[in-house]
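Here is a short briefing for a first look. Keep the sequence and the 3D view open while you read.

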Amino acid sequence: MIDVKNICKNFGELHALKNVTFSIKEGSLCGLVGPNGAGKSTLFKIFLGLLEANEGKIKIANETINFGDTNYKRKIGYAPESPQLYDYLTEIEFLQFIAAAKHFSGSEVENEIQKWINFFDLGGKTNELIKNYSQGMRRKISLCAALIGDPPILFLDEATNGLDPESSYKFKEYLRSYCQNGGTVLFSSHIIETVEYLCDRIIILHKGQIKQELKKNEWEDLRGQDSSLEEMFIGLVRE
Ligand SMILES: Nc1ncnc2c1ncn2[C@@H]1O[C@H](COP(=O)(O)OP(=O)(O)OP(=O)(O)O)[C@@H](O)[C@H]1O
Ligand SMILES: [Mg+2]
């Protein structure tokens with residue numbers, strides 16, 4: 001579903017991504033972990049056409065993606081690490097705007113918006129502006145925006161940050177069933193426990209390079225009985 005070959009991204013002298021190559025199968029829930037500054041968000045932004053790679057090739061759903069292409073984005077739901085919202089809209093206005101941007105129309109729009117508002121227990125306040133929302137509520141609106149229209153691919157950059165335990169649990173359960181039904185997810189997080197619990201594959205990025213790529217059974221074998229994935233991650237990054 002996602003195929004990345006030799007992606008390089010430089011910011012001046014800084015090599016933020018160096019020859020990053022991997023693929024993700026349809027129906028996979030792939031975790032992307034790495035220390036601060038490893039290049040995770042840069043990679044998401046390249047997928048979304050928000051940054052242009054210096055080198056490399058990306059294929060999404062068998063389509064080669066060139067910088068500036070837009071059509072493929074209909075297949076993607078993206079929740080950035082910092083929610084990008086319009087503060088002077090209400091949550092419903094904002095989500096209506098997102099639905100329109102996704103070319104959603106007709107009677108399903110309101111049902112779809114309401115479905116996600118109910119899922120995250122947002123309440124659909126009609127008079128409150130987003131600027132008065134708490135951090136966690138902003139995160140929920142950002143996730144609603146990514147999920148509206150049920151896109152087949154989700155790019156989630158630290159998407160569970162700030163969610164309360166119940167919402168986080170519910171969302172993680174949703175992601176599991178989403179992938180069982182053929183959805184594909186790339187999910188970054190600093191909470192290794194979450195990644196371990198949720199993902200069937202993990203990519204460890206360090207200083208712009210893939211340090212390790214593991215399937216669930218591989219990391220379970222590798223880390224052994226006595227250590228956690230967190231300890232293994234710290235060991236790899238320290239090396
Ligand atoms: N627009 C930019 N201009 C210059 N440098 C940038 C830019 N965006 C990112 N960088 C640099 O690229 C590197 C990778 O940043 P990135 O945001 O991808 O890291 P990250 O893995 O997402 O980190 P975190 O876990 O802190 O979110 C960092 O050194 C960062 O300072
Ligand atoms: Mg980041």
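**Lys102 and its surroundings**

Leaving out residues up to four places away in sequence, Lys102 touches Ala145, Ala146, Leu147 and Ile148. The model is predicted.

- A polar atom of the Lys102 side chain lies 2.7 Å from the backbone oxygen of Ala145.
- Lys102 and Gly77 are 25 residues apart in sequence. In space, their C-alpha atoms are 10.0 Å apart.

**Helix α3**

- α3 has twelve residues, which should span 16 Å at 1.5 Å a residue. The end C-alpha atoms of α3 are 16 Å apart, which agrees.
- Which residues of α3 are buried? They are Val109, Glu112, Ile113, Trp116, Ile117 and Phe119.
- Seen down the axis of α3, these buried residues fall within an arc of 165°, so they line one face of the helix.
- An α-helix has 3.6 residues a turn, so residues three or four places apart point the same way.
- The exposed residues Asn111 and Asn118 are on the face of α3 turned away from its buried side.
- The buried residues of α3 pack against α2 (91-101), α4 and α5.
- Just after α3 comes Asp121, with a positive phi of about 55°.

**Helix α5**

- α5 covers residues 165-180, which makes 16 residues. At 1.5 Å a residue they should span 22 Å. The end C-alpha atoms of α5 are 23 Å apart, which agrees.
- The buried residues of α5 are Ser167, Ser168, Phe171, Lys172, Tyr174, Leu175, Tyr178 and Cys179.
- Down the axis of α5, its buried residues fall within an arc of 160°, so they line one face of the helix.
- Pro165, Glu166 and Gln180 are exposed, on the face of α5 turned away from its buried side.
- What do the buried residues of α5 pack against? Among the strands are β3 (29-33), β7 (153-157) and β8 (184-188). Among the helices are α3 (108-119), α4 (135-147) and α6 (192-198).
- Gly182 follows α5 and has a positive phi, near 105°.

**Ligand 1**

- Ligand 1 has 14 residues around it. Gly37, Lys40, Ser41, Thr42 and His190 come nearest.
- An oxygen atom of ligand 1 is 3.1 Å from a polar backbone atom of Ala38.
- For Gly39, a polar backbone atom is 2.9 Å from an oxygen atom of ligand 1.
- Ser41 has an N or O atom in its side chain that is 2.8 Å from an oxygen atom of ligand 1.
- How much of ligand 1 does the protein bury? Taken alone, ligand 1 exposes 630 Å², and the protein buries 63% of that.

**Val4**

- Val4 lies in strand β1, which covers residues 2-11.
- Its relative accessibility is 1%, so Val4 counts as buried.
- Beyond its neighbours within four places in sequence, Val4 is in contact with Val20, Thr21, Phe22, Phe47 and Lys57.
- Val4 and Lys59 are 55 residues apart in sequence, and their C-alpha atoms are 6.5 Å apart in space.

**Two residues in loops**

- Where does Ser28 lie? Ser28 is in the loop between β2 and β3.
- At 8% relative accessibility, Ser28 counts as buried.
- Ser28 touches Cys179, Gly183, Thr184, Val185 and Asp200, leaving out residues up to four places away in sequence. Cys179 is also one of the buried residues of α5.
- Thr90 lies in the loop between β6 (76-79) and α2.
- Is Thr90 buried or exposed? Thr90 is buried, because its relative accessible area is 6% and buried means under 20%.
- Not counting residues up to four places away in sequence, Thr90 touches Lys125, Thr126, Asn127, Glu128, Leu129 and Ile130.

Notes:
Residues numbered from 1 in each chain as written. Chains lettered and ligands numbered in written order. Predicted model: local features only at pLDDT ≥ 70, side-chain atom pairs only at ≥ 80, totals over all residues. Heavy atoms only, no water. Helix = DSSP H or I, 4+ residues; strand = E, 2+ residues; numbered from the N terminus. Expected span 1.5 Å × (residues − 1). Buried < 20%, exposed > 50% of the residue type's maximum accessible area, 1.4 Å probe, protein only. Arc of directions from axis to C-beta. Contact = heavy atoms within 4.5 Å. Near = heavy atom within 4 Å. Polar contact = N/O pair within 3.5 Å; in protein donor to acceptor, adjacent residues only side chain to side chain. Areas by Shrake-Rupley, 256 points an atom, 1.4 Å probe, with all protein chains shown as cover.
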